[in-house]
Amino acid sequence: MIPIECYFALSALLFFIGVYGFVTRRNLIAMLISVELVLNAVDINFAAINRLLYPQGMEGMFMTLFVIGVAAAESAVAIAIIINVYRNFRSDSVDAIKNMKR
Amino acid sequence: MYSYTIFIMLLPLLSFLVLGLAGMKMQHKVAGLIGTCSLGIVTILSYMTAFQYFGAERVDGVYQTFVPYNFTWLPLGNLHFDLGILLDPISVMMLIVISTVSLMVHIYSFGYMHGEKGFQRYYAFLSLFTMSMLGLVLATNIFQMYMFWELVGVSSYLLIGFYYPLKPAIAASKKAFIVTRFADMFFLIGILTFGYFVDSFSFSFAGDIVMGQGTTPFIEGNVAKAVAAGGFIIPTALVLMFIGGAGKSAMFPLHIWLPDAMEGPTPVSALIHAATMVVAGVFQIARMFPLWIEYAPGAMSVIVWVGVFTAFYAAAVACAQSDIKRVLAFSTISQIAFMMVALGVSLPGHEALMDNHAQLGYMAGMFHLFTHAMFKACLFLCAGCIIHAVHSNEMSLMGGLRKYMPITHITFLISCLAIAGIPFFSGFSSKDEIITACFQYSPVAGWIMTGIAAMTAFYMFRLYYGIFWGTENVEAHEHHTPHEAPLSMTVPLIVLCVITCGVGIYTTLGGFLGWGGSFGSYVSAAGTDYTIHFDAQIAATSTIIAILSICLATYIYKGESQPIADRLYKTFPRLHRAAYKRFYQDEIWQYVTHRIIFRCVSTPIAWFDRHVVDGTFNFMAWGANEAGESIRSWQSGDVRQYAVWFLTGAVALTLILLCI
Amino acid sequence: MGNTVMFIILAVLILGSALMCVTTTRIMRAATFMLFVLFGVAGIYFLLDYTFLGAAQISVYAGGVTMIYVFAIQLVSKRTLQGLEERVKSSRMITGALASLLGLVVVGLILLKTGFYTVDMSASDVELPMRTIGAALVGAGKYQYVLPFEFISVFLLACIIGGLVVARKEEKEL
């Protein structure tokens with residue numbers, strides 16, 4: 001079996017790649033995609049710990065299941081908002097939303 | 001027994017409040033009546049007090065001091081500020097003076113201020129002034145006296161600046177207030193020094209006055225403690241207090257405010273700047289007299305020489321003034337200096353505390369205060385009548401008024417004779433005794449004072465002839481004939497003259513015939529009966545000199561034109577101009593304040609205040625502002641930047657939690 | 001042995017696609033690379049013997065969510081699709097890289113310091129039976145998941161309605 005540290009390393013790397021993408025990208029949808037990466041990293045973590053450290057329980061798997069569901073819902077709402085933003089600001093860049101900025 | 005005396009203080013206060021708050025809604029007549037009636041009642045009460053007090057039994061030949069009221073207002077450890085009423089020969093005498101003159105002024109103002117805007121305000125301020133002056137003389141402790149001293153100053157400021165739309169009036173009232181306030185600073189330091197070392201402010205100097213009981217005055221108490229602390233402390237405190245008194249009583253060089261104070265209405269000048277407020281300094285010295293005699297006899301020479309110089313200076317300037325009120329103002333300064341000198345020449349005797357020498361000066365000073373108040377008030381009120389008739393203060397526009405204003409003429413003449421020191425008028429007795437006391441002190445002082453008395457007679461009669469004789473101002477009289485003043489203005493004149501003559505006749509005859517029962521039987525330094533004996537030589541000398549001066553003045557000024565005066569004027573133009581400009585005292589003070597004090601002291605302090613004190617706070621505000629501006633970029637509205645900070649924060653928190 | 005090889009392949013796929021996803025300038029490519037990442041993660045699940053989870057991942061995530069993103073990209077980024085590329089400020093890149101590196105270091109430290117014990121690996125490569133999962137999902141017993149299941153269905157409903165309301169076209173007033 002693969003030692004658990006490998007899974008942790010994988011998920012950590014994926015997590016921080018997602019964070020980097022969130023901070024760097026200007027396009028709203030690209031930022032959302034980076035958030036999806038973060039969520040997926042967390043999912044890997046849950047599943048690995050459940051399988052390798054606590055095989056008799058099922059909490060990790062169900063957690064992952066529900067995270068997948070919630071992520072889907074959240075993407076839907078976020079996209080709806082982005083569509084609204086696009087309608088009002090005519091742009092898909094996060095810098096465009098600056099009415100309340102000084 | 002004297003419980004009604006509280007109304008002497010309360011009634012004017014009440015009248016001030018009523019007139020001050022509701023005066024504008026009243027008619028003029030009503031306001032005037034309220035003020036005058038309340039003062040009438042005060043006068044009746046004062047006379048009642050005097051009769052009761054002086055008619056009471058003496059204990060050990062000394063009039064007892066009564067303290068009907070004395071309550072502690074502000075206790076501060078050992079010291080405490082009291083408010084109370086002290087009845088004592090000089091305070092009762094002052095009660096009579098103040099209430100009489102004030103009542104006369106109230107009645108007179110009905111006529112003089114008729115139709116003026118602010119009539120009610122005027123009466124309100126008169127009531128305030130009367131209350132303050134009464135509080136000053138009835139004070140049981142020096143702090144109460146100081147408090148009312150300041151109140152008197154405020155009333156004076158308000159009344160001098162009565163015609164506040166006019167710039168000269170404002171300037172004069174400010175000057176009066178600032179100069180007296182400056183002097184009062186020294187007074188306060190003196191009080192504090194005194195209180196600190198003696199542990200008491202009360203006038204019995206025995207610790208505390210006990211309410212209701214009669215106590216013999218001026219028992220030595222904690223004063224001994226102050227003496228033990230250092231021989232110079234009590235004289236220093238007393239001299240500081242004298243400086244405060246000198247400011248209020250217009251001694252040189254703090255006299256500069258009094259001539260300018262003539263910008264106020266003439267009845268105000270009569271009341272405040274002739275009869276009552278300006279004698280507050282003299283009253284203060286008289287009140288503290290036992291301490292002066294016992295502990296600071298050497299310092300009394302300060303009083304004497306300041307007084308002598310002031311008297312001479314004021315008399316010299318008065319000879320050259322053309323504004324009748326200014327002449328009277330300088331005359332007042334000179335006469336108050338006489339009173340101060342009288343108090344100052346009281347030397348301690350060889351055996352007893354209060355022996356003949358001390359008695360004479362004290363009594364003479366107080367007597368002169370009484371008589372001067374009467375005739376000077378009369379003079380000012382006459383001047384008011386004249387100004388009312390001629391609508392100007394300048395002597396050059398007057399002349400030959402004796403035809404038009406008989407009552408004013410007679411009363412003015414009587415008061416001039418009184419001030420010149422002619423027998424059978426009150427000024428003779430008082431001035432004569434002062435000169436006698438001066439001769440006992442030192443012949444030099446005596447001859448100088450005699451000379452000044454001669455100058456007094458001279459310039460007063462110059463004034464008299466200038467107003468009532470001489471050439472008429474025909475053109476002005478064609479426009480508007482001067483007429484005698486209305487009854488409300490002439491009755492006070494007559495009353496004051498009657499008092500002057502009455503006192504004069506009584507004391508002169510009493511002195512010549514040795515009746516006793518004169519002023520000295522009521523007011524004297526030790527409280528005992530002091531009979532005046534006229535020193536015939538001095539009396540004769542002073543009378544002759546006075547008559548000579550009057551003749552000189554008559555010779556120079558009586559005729560239709562004044563050739564001798566004009567020739568003198570041409571010969572000594574610069575001296576005349578210097579005297580006219582009061583020997584440039586005002587300019588000197590201006591120079592000192594503007595060039596020296598403002599430039600060297602005030603400007604650096606102002607700079608410090610603006611740049612350092614304000615600068616600190618401005619700097620703190622600027623710093624806060626800058627800090628805020630620099631943090632502002634954190635609120636960029638940039639979601640990604642927020643995410644970075646969020647992450648950094650989470651990492652930091654994790655590290656902290658790990659390390660703990 | 002086979003597991004290790006599989007894992008390595010999957011790891012390379014995931015990390016490579018992720019890196020490409022966040023660094024590419026063209027948005028459609030980012031969506032595609034995300035799809036690859038999702039596939040890779042599903043592979044990981046299969047490796048862990050969670051077949052149901054893997055199936056759910058593919059059907060929901062890779063199928064549904066990616067489609068949403070693609071449609072959104074079509075709707076929103078008109079100009080971007082037409083070839084306009086996104087420029088990234090270099091300062092921002094450095095900041096991002098730094099922050100991520102910092103986080104990575106911290107997490108790495110924690111990983112290294114914590115000693116993980118591994119359960120006896122004698123538990124064989126047996127997949128979790130579907131029956132158990134199903135029973136647990138709708139069971140109301142102590143460690144069973146009917147409540148979160150119901151909750152998530154309501155939640156999904158709310159999100160659908162919310163999304164509809166937010167993205168609704170405004171009615172023009174005549």
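What percentage of the 174 residues of chain C count as buried? The model is predicted, and in it 24% of the residues of chain C count as buried.

**Chain C.** This chain has seven helices and zero strands. Read from the N terminus, its elements follow the order α-α-α-α-α-α-α. Among contacts in chain C with a separation of 6 or more, 50% are between residues 24 or more positions apart.

**Contact between chains C and A.** Chain C supplies 67 residues to this contact, and chain A supplies 57 residues. On the side of chain C that touches chain A, the elements of chain C giving two or more residues are those in the table.

| Element of chain C | Residues |
|---|---|
| α1(C) | 2–23 |
| α2(C) | 27–47 |
| α3(C) | 51–76 |
| α5(C) | 90–113 |
| α7(C) | 146–166 |

The largest share of that side, 13 residues, is given by α3(C). By residue class, the side of chain C that touches chain A consists of 51 nonpolar, 13 polar and three charged residues.

**Strand pair in chain B.** In chain B, strand β1 (residues 66–76) and strand β2 (residues 79–87) run antiparallel and are joined by eight bridges.

Terms used: Residues are numbered from 1 along each chain as its sequence is written. Chains are lettered from A and ligands numbered from 1 in the order in which they are written. This is a predicted model: local features need pLDDT of at least 70, side-chain atom pairs count only at pLDDT 80 or more; totals for chains, interfaces and linings use all residues. Helices (H or I, at least four residues) and strands (E, at least two) are DSSP runs, numbered from the N terminus. A residue is buried if 20 or more other C-beta atoms lie within 10 Å of its own, exposed if 12 or fewer, and partly exposed in between; C-beta atoms are placed from the backbone. Two residues are in contact if their C-beta atoms, placed from the backbone, lie within 7 Å. Ala, Val, Leu, Ile, Met, Phe, Trp, Tyr, Cys and Pro count as nonpolar, Asp, Glu, Lys and Arg as charged, and the others, Gly among them, as polar. Two strands pair if DSSP finds at least two bridges between them.
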